[in-house]
Amino acid sequence: MGKEVKTNAMRILDRNKIPYEIINYECDEFIDGLHTAEKTGAPVEQSFKTLVMSGKAAAGGNRQYYVFVVPIAEEVDLKAAAKCVGEKSLEMLHVKDLTPLTGYVRGGCSPLGMKKQFPTVVHESAASFDKIYISGGRIGTSITVNPDALLKVTRGQYADIIQHN
């Protein structure tokens with residue numbers, strides 16, 4: 001077996017001496033988190049997707065970007081998420097803007113190792129697990145990591161940011 005090619009996400013975990021597990025799966029193109037969990041056998045409730053959003057541009061035109069890590073089967077509550085980061089409103093980043101901003105492609109976007117460290121919010125349900133599954137930084141790679149360690153490295157916070165029906 002060849003040497004594992006490290007992603008930025010893995011290098012950051014290595015540098016911070018945070019243990020993680022790599023799970024590779026066959027995948028040529030974007031698939032959603034539920035299909036990824038199905039392919040890897042990861043428990044759905046412990047599997048999280050990474051969403052990048054922007055606040056409204058301030059008077060000078062500078063937008064602030066935010067990273068939200070939410071359970072794969074859930075949707076972000078935009079009002080709760082905006083309130084959590086002190087914005088009036090948020091909008092999802094357009095797919096075409098994802099790679100230039102983060103360095104990652106859709107389906108391989110990890111909350112770790114983006115070109116810049118953006119304010120990060122992890123859904124509070126992650127705190128109840130020893131490990132959660134997140135993107136490893138490329139399509140076909142997931143990693144497991146302790147959620148508290150993830151928060152430490154991203155300087156993030158836990159919050160209730162999903163829709164409740």
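1. A salt bridge here is a side-chain nitrogen of Lys or Arg within 4 Å of a carboxyl oxygen of Asp or Glu. With that in hand, welcome to this predicted model, where a search of the whole structure turns up five salt bridges. One of them joins Glu21 to Lys131, whose closest N and O atoms are 3.8 Å apart. Glu21 sits in strand 1 and Lys131 in the loop between strand 5 (120–123) and strand 6 (132–138), so this pair ties together parts that are 110 residues apart in sequence. Glu21 is partly exposed, at 42% relative accessible area, and Lys131 is partly exposed too, at 30%.

2. Another salt bridge links Lys49 and Glu75, with 3.9 Å between the closest N and O atoms. Lys49 belongs to strand 2 and Glu75 to the loop between strand 3 (65–71) and helix 3 (78–85), so parts 26 residues apart in sequence are tied together. Lys49 is partly exposed, at 23% relative accessibility.

3. Lys131 also turns up around Gln46, which touches Phe129, Lys131, Ile132 and Tyr133, leaving aside residues up to four places away in sequence. Gln46 lies in the loop between helix 2 (33–40) and strand 2 (48–55). Is Gln46 buried or exposed? At 15% relative accessibility, Gln46 counts as buried.

4. Finally, a look at backbone angles. Most residues other than glycine have a negative phi. Lys17, in the loop between helix 1 (8–15) and strand 1 (21–24), has a positive phi near 55°. Arg155, in the loop between helix 5 (147–154) and strand 8 (157–159), has a positive phi of about 50°. Lys17 is exposed at 73% relative accessibility, and Arg155 is exposed at 65%.

Key:
Residues are numbered from 1 along each chain as its sequence is written. This is a predicted model: local features need pLDDT of at least 70, side-chain atom pairs count only at pLDDT 80 or more; totals for chains, interfaces and linings use all residues. Side-chain values use heavy atoms; hydrogens and water are left out. Helices (H or I, at least four residues) and strands (E, at least two) are DSSP runs, numbered from the N terminus. Buried means under 20% relative accessible area, exposed over 50%, partly exposed in between (1.4 Å probe, protein chains only). Contact means heavy atoms within 4.5 Å.
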